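Colleague: Let us go through this model together. I will ask, and you answer briefly.

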Amino acid sequence: MFKTVKRIISWTGEYKKRLYLGFLWSFLQTMFTALPIMGTAYFLDLMIKDSRGELEMRPVMALYALSFMVVSIAGRFLFSYLRATYQESIAYEKTAQERIEIGNILKRVSLGFFDKNNTGEIAGAVTTDLSVYEMYAMKMTDVIIGAYVHVAAMILCLLFFCWQVALIALAGVMLSAFFLHLMSLSSHKNSIVHQKAQNTLITSVIEFIRGIAVVKAYGQEGVSVQGIKDAFCEHRRINIKIELDYVWCNGLHQLSCKLASVGIVLISAYLCIHGGMTLPVFLMMAIFSFTLFARVELVQNGAHTMQLIAAAMDKLDTIKQAEFIDADAGGIHPERYDIAFEGVGFGYDRRSVLSDVSFQIPQGSTAAIVGPSGSGKTTICSLLARFYDVDTGKITVGGHDVREFTCDSLLSNISMVFQNVYLFRDTIRNNICFGKPDAAEEEMLEAARKARCHEFIIALPDGYDTVIGEGGGTLSGGEKQRISIARAILKNAPIVILDEATASIDPENEHLIQAAISELAKGKTLITIAHRLATIENTGQILVVDEGRIVQKGTHEELIHQKGKYLDFVRVREQAEGWQIQ
């Protein structure tokens, strides 16, 4: 528990000074909380002496007493306000920085990182786990540190009046801390299991939501829902087990505080009866016994939460320690944009995908990559964009190895249009301007016109300010594709990659998409992955990929006169595109 508190203090970074000042204000708040009790005992002692004739209380003493109480209460609330002001917002400010940092980290890792790590775990880390930080890190730190600051201040007050009572209070705190330590050890074991159950729950929910259309189409709601039910039940079982594991530790922790409170009253009464303590001081000690451990008793609420925070910190540290794919790269700005693959080999884990791939694409030319499914076409484009690094060989852009570029500097030169378009839950305007956020209005409109999407956009209720559903779910496939092309046109990168951009487009939209692509490709180095003959037959060169190798190169006219994979491909496509209903 205290180890986690130390990690949180270290995590606050530049806000650490504010955190320490918050502890100071908490100490002073406690002192001003104790002052009215001690003041009451002092003035009660004066009243008793006055009744015995030992001294004479003047009326002004009542004014002094009232002023003392007002100052004590005002000081208590002042330092409570200062503590909250200095500490409470730290978690929100720091977590905002964490989210940006993790976002930047995820941008710079290889896509292999996402293949090796569960989506639910990553999603849980940047949502649930960071929310745990945000909501509880400072609150639980204050609960724990503030509690011990409070009890330390109170014990100092007791020590001033009676060392025996202070010793009993200290013994109660130490015994309580021992049982809290046992609770923390139990919580550490349970937090790992809880984290796993949480990740499974998130993964099940994400999978169910993403696959809801398939579930409905095949009438398997019961089968699909069962996975979520199992995850919910496991999550419930773990939480109940955790609570039951805490019962005995928490009970002994509370018992330690209560016994110490009783001990304080008993020893104070004994000393009072035998003349070792005055009656006002005894009454003060009795009052202290009720308030002394109030905050320490609440520490058990933070013990398990601290372990959850520790587990979240471990997971986030794993993400932060991820190896950047461009860690040793620089911001290069090439003077030309020719592309070359030289003996490139690559595989996902142990599965080889590409082997000895070599070709060149001159600046401003077009190239099409064709081949059967799984032959490595998309992998070639992913390696060029440096979503992954090659295992052997090298890829150059403008004579520079892509491994010399940072991800941002490389991708600033590349526009990509994918077969499966993803649009963000935002306005159409912001989706188009995603690659160039500072684009002028006229630039954005011109890109939309070139992409043949201006007409259908202005027909929407809010035009370019229409908010589309997540993934672009409220638009048709052709509309989404044209918006993605508009995004690429506006970015105006010198290299364009089209990954089967027309594969799923209906015939009515295809001519619009082809026109949009023609606008996008003007003056650019273009690489296209396609299966349609109309898309590839006029390209400058065609690269035929089979089983991870370039088996043929050339123009359409050259390759159709050669026996090989391309001729087979053309014949199959002609049959597929020329079929008709008899």
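Colleague: Which helix holds Arg-83?

Modeller: This is a predicted model, where local features need pLDDT of at least 70, side-chain atom pairs count only at pLDDT 80 or more, and totals for chains, interfaces and linings use all residues. Numbering runs from 1 along each chain as its sequence is written, and side-chain values use heavy atoms, without hydrogens and water. Helices are DSSP runs of H or I, at least four residues, numbered from the N terminus. Residues 60-87 form the one with Arg-83, helix H3.

Colleague: Is Arg-83 buried or exposed?

Modeller: Buried means under 20% relative accessible area, exposed over 50%, partly exposed in between (1.4 Å probe, protein chains only). Arg-83 has 12% relative accessibility, so Arg-83 is buried.

Colleague: Which residues does Ser-176 touch, not counting those up to four places away in sequence?

Modeller: Ser-176 sits in helix H7, residues 163-210. Its relative accessibility is 0%, so Ser-176 is buried. Contact means heavy atoms within 4.5 Å. By that test the partners are His-253, Ser-256, Cys-257 and Val-296.

Colleague: Why does Leu-159 count as partly exposed?

Modeller: Leu-159 belongs to helix H6. Leu-159 counts as partly exposed because its relative accessible area is 47%.

Colleague: Which helix gives the most to the nonpolar patch?

Modeller: Leu-156, Leu-159, Trp-163, Leu-167, Leu-170 and Met-174 make up this surface patch. Helix H6 (119-161) and H7 each supply at least two residues. The top contributor, with four residues, is H7.

Conventions: Patch = residues over 30% accessible without salt bridge, like charges linked within 9 Å, V, L, I, M, F, W, Y side chains within 5 Å. Areas by Shrake-Rupley, 256 points an atom, 1.4 Å probe, with all protein chains shown as cover. Salt bridge = Lys/Arg side-chain N within 4 Å of Asp/Glu carboxyl O.
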